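Here are a few exercises to work through with the model open beside you. Try each task before reading its solution.

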Number of protein chains: 2
Amino acid sequence: MGRESLEAFGWEPQGQDGAARAGLLVTPHGSVPTPAFMPVGTQATVKSMTPRDLREVGARIVLANTYHLYLRPGVETVERAGGLHSFMQWDGPILTDSGGFQVWSLANRRTVTADGVRFRSHLDGSEHVFTPATVMDAQQRLGADIVMAFDECAPHDAPRSYVEEAMQRTHDWAVRCKEAHSQPGQALFGIVQGGVWPDLRGQSAEYLSSLDFPGYAIGGLSVGEGKTQMAVALEAAVECLSTTKPRYLMGVGAPEDLLAGIARGVDMFDCVLPTRNARNGTLLVNEGRINIRNGAFRQDLRPLEDGCTCYTCATFSRAYLHHLFRAEELLAYTLATTHNLTHLTRLIASARDAILESRFTEFHQSFLTQYRTRSDIQPHT
Amino acid sequence: MGRESLEAFGWEPQGQDGAARAGLLVTPHGSVPTPAFMPVGTQATVKSMTPRDLREVGARIVLANTYHLYLRPGVETVERAGGLHSFMQWDGPILTDSGGFQVWSLANRRTVTADGVRFRSHLDGSEHVFTPATVMDAQQRLGADIVMAFDECAPHDAPRSYVEEAMQRTHDWAVRCKEAHSQPGQALFGIVQGGVWPDLRGQSAEYLSSLDFPGYAIGGLSVGEGKTQMAVALEAAVECLSTTKPRYLMGVGAPEDLLAGIARGVDMFDCVLPTRNARNGTLLVNEGRINIRNGAFRQDLRPLEDGCTCYTCATFSRAYLHHLFRAEELLAYTLATTHNLTHLTRLIASARDAILESRFTEFHQSFLTQYRTRSDIQPHT
């Protein structure tokens, strides 16, 4: 349960191609080849998937949310069960988000205090306070391998002055999180903020680097800003981060964005998109996305994606998946999630191979050539 | 796809203890030890379960509903996919219900004609007619191993005169179904009706026996009548049925009712109860039922059922299941269904062993001694 020493944590570079990096993230619960995508298990479960399903789709590390688990079932319940690994029976590495993003999303249900954020639960309206100290306490008791500093994620259209203020608060809280964190064998990552301003991103990355965290996340991107703005901000941050520490781009999970992030030197990603999309019937194929609910798939007896080896593609037809979605059958969500996660895992593994073989740029180009980002792919007949 | 000759179907007796029988149901898609419980896959999927999950919980034969599949995805879609086995990728035996029960349940959305029933779809209000001929056509094209005659299931509190009339109609339709059924390798079962009246049940069983079906169902029970009335009607029917053909009690699936049916010579059962209950958090344990949503299980770290070898019990704690149900997580439904089906499969397998070892009465008694039918079991602390 992550009780080993911090020596158990690290990131070992294995190859680089341009800015893109391949490596190995070492944690007390095993190693993870990077780049890596972390499926989101908000409430200590990746929706519709068993732990063995997760293994089968190639997931190596999962994310859980401190905010949700703190409210339900409560940190004490998870702690009594022996921590998150034992509670959810996932024996691989786990990362917990700090709750910063969720708390700031509560908008008019929260107020900022000098020390943190006072908020009302989205479940029952009860009042709670998150401070760097309480968030560290919760995450240490949840027992993930990697925990995140408490940060403020400013809205993408906030004025620069506000973004700067939020960044300063994030820096201040990063210091306090570091002071409050005492769990050996658990790695605390700092979170770079600074909105879409490259100079702020650079400043933030430099300041956090001076605190010497074992890894760094880039937060507050993919929240509504354009792709170009995101790329510029990301580059500015990465430039100022250590080359020997893992870099984690938060909340990014669309195939094209994963590759864009990898191309800029990111090692870790998480996002609800592949799993949430799956439950809406939006499925990832090499050419982009299809919506399996589309009537055109009603009698399509081909597998969802040609050449995919996931259980869904190896077993069922598009016609059957279409039927399950139309009939709102629970099996639809499991089968779709199985496919989307397998697809992403395979994409990232291919990207990693390309980096190790120094052909990432071609790989990226070839991906972009065949890939369409809209759900406009029609079945061939 | 069930294209073999009818020789492929049969029921071989293997042992008897009192009225209770053990046997082997032989179908074109493999053999099923009886007594057997058939999980219900209404819309060509047992809710929340993959076919491999079904194998793992010990299911050997599943049921699907003609009424639902006829409306969605439509018989043609299933037929084009190569039939139900291929469509849902279940390679074991399948039984389809005739739709009689569903159509009669539509109450004010249906009218009886001389030849069948005119009804409006519960999905879109469109008008359809089910007759013995159309129902046979649909079931033959769906391609199950066992299909059911079109019958009328009278309400449990209908006057005797109406029950008699419905029984006569069921008999008339049984003849027409037999005439319309031409699929070799697919066994057509007759359905005994007659409400709670033992003499009508006897009459119905005798009449259907004279038509010489390869198997017989007892329909119209477990629809609200009392347990004693059900037992008396069941006994009257079974007494007049062939001892060499399989007997199927429709819509019965509570553990105590399965054993009561087995004790009276029933070989096959189906019911939505174990799977529907699972999705409501009502879970079967040796002592009866527990509702895992109960706050008492919040920090209960024991497995759901002591000694159960299902994936759920072998992997997770009651506390985690409680959390999944409270958080309305999809995984809850899969894990709960996995357990309830495993529990029932094991119960029936134990009953079968007891019959083969001539100790079924003791087994039944010992079950009743420890079993409580209400959800009032509290956790030990």
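**Exercise 1.** Among contacts in chain A between residues at least 6 apart in sequence, what percentage join residues at least 24 apart?

*Solution.* A word on conventions comes before the steps. This is a predicted model, in which local features need pLDDT of at least 70 and side-chain atom pairs count only at pLDDT 80 or more, while totals for chains, interfaces and linings use all residues. Residues are numbered from 1 along each chain as its sequence is written, and chains are lettered from A and ligands numbered from 1 in the order in which they are written.

- Take two residues as in contact if their C-beta atoms, placed from the backbone, lie within 7 Å.
- Of the chain A contacts between residues at least 6 apart in sequence, 69% join residues at least 24 apart.

**Exercise 2.** Describe the packing of helices α6 and α7 of chain B.

*Solution.* 
- Helices are DSSP runs (H or I, at least four residues), numbered from the N terminus.
- Axes are lines fitted to C-alpha atoms over the stretch in contact, and angles run from 0 to 180 degrees between N-to-C directions.
- Helix α6 of chain B (residues 132-142) and helix α7 of chain B (residues 160-180) pack at about 45 degrees, with axes 8 Å apart.
- The two helices α6(B) and α7(B) are therefore oblique (angles under 35 degrees count as roughly parallel, over 145 as roughly antiparallel, 65 to 115 as roughly perpendicular, and the rest as oblique).
- From α6(B) come P132(B), A133(B) and M136(B), and from α7(B) come W173(B), R176(B), C177(B) and A180(B).

**Exercise 3.** Which helix of chain B gives the most to the side that touches chain A?

*Solution.* 
- The contact takes 32 residues from chain B and 32 residues from chain A.
- On the chain B side, α3 (75-80), α4 (84-88), α13 (318-326) and α14 (330-356) each supply at least two residues.
- The most comes from α13(B), with 5 residues.
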